[in-house]
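Open the model in your viewer and keep the selection tool at hand. The tour below goes stop by stop.

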Amino acid sequence: MKNIYQHCRDVHGVSYKALCAGDPERSSGTNLTQLSSDAVDLYADWLTTLDGTNLSQKTADMYKCCVTKVLQQACSGSLENLKSYKTWIGRGGFLQDLTERLSPATVATYLQALRLFMNFLKTQNANPFCKGANLSKVLIQEAADAFMRWHAAQRKGRQMQRTAVVAESQSLIPSVAKGM
């Protein structure tokens, strides 16, 4: 993500560091379990390798922040609770809450981070975490596929948002020109 610091200031009105620290009003206050914390730390390292798409350190840190927030807020700090990812959609679900308070682009970033986290959990390095949290490879693959679908839907939402802005601009141009 290019210019993540500027994005955080413009869109969220806070610095990147403050955004990653979380909003005390929105945070559930749940700490990650040791297993979850170790998995997220190794995930952030994995993201900067060729196997993990060779992301920049800033992007890896941002994705680590996203996954940490999801684990804290939607999974009570435990990797094992990722099994309930299907309950996140729909009324009152975690993703519904995210879409109401964050922009479509930010929600898409969260979903991309989650998809890559699931890809990480499929690797050999993550086997101890999967076994410790009783996550099957089938469940991990299904979750990765769901996050990919949800990410694509969020991107469509962002594209529709951009199209609406362009359409509004085009409708205003004739009236502005007429007034000149």
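Start by colouring by pLDDT, the predictor's confidence in each residue, from 0 to 100. This is a predicted model: local features need pLDDT of at least 70, side-chain atom pairs count only at pLDDT 80 or more, and totals for chains, interfaces and linings use all residues. Residues are numbered from 1 along each chain as its sequence is written, and side-chain values use heavy atoms, with hydrogens and water left out.

**Confidence.** The protein chain has an average pLDDT of 84. At least 70 is reached by 83% of the residues. Helices here are DSSP runs (H or I, at least four residues), numbered from the N terminus. Select helix 3: confidence is highest there, at a mean of 95. Now select residues 16-21, helix 2, where confidence is lowest, at a mean of 66. Move on to residues 23-28, where the pLDDT is below 50. Where pLDDT is low, the predicted coordinates should not be read in detail.

**The start of the chain.** Select asparagine 3, in the segment before helix 1 (4-12). Is asparagine 3 buried or partly exposed? Its relative accessible area is 49%, so asparagine 3 is partly exposed. The cut-offs: buried is under 20% relative accessible area, exposed is over 50%, and partly exposed lies in between (1.4 Å probe, protein chains only).

Zoom in on phenylalanine 117. Which residues does phenylalanine 117 touch, not counting those up to four places away in sequence? They are Ala39, Val40, Tyr43, Val67, Leu79 and Leu82. Contact means heavy atoms within 4.5 Å.

**A helix crossing.** Show helix 4 and helix 6. Their axes come within 9 Å and cross at roughly 90 degrees. The axes are lines fitted to C-alpha atoms over the stretch in contact, with angles from 0 to 180 degrees between N-to-C directions. Among the residues making the contact are Met62 and Tyr63 of helix 4, and Leu116 and Phe117 of helix 6.

**Last stop.** Select histidine 151, in helix 8. Histidine 151 counts as buried because its relative accessibility is 15%. Beyond its neighbours within four places in sequence, histidine 151 contacts Ala108, Leu111 and Gln112.

Technical notes:
Helix = DSSP H or I, 4+ residues; strand = E, 2+ residues; numbered from the N terminus.
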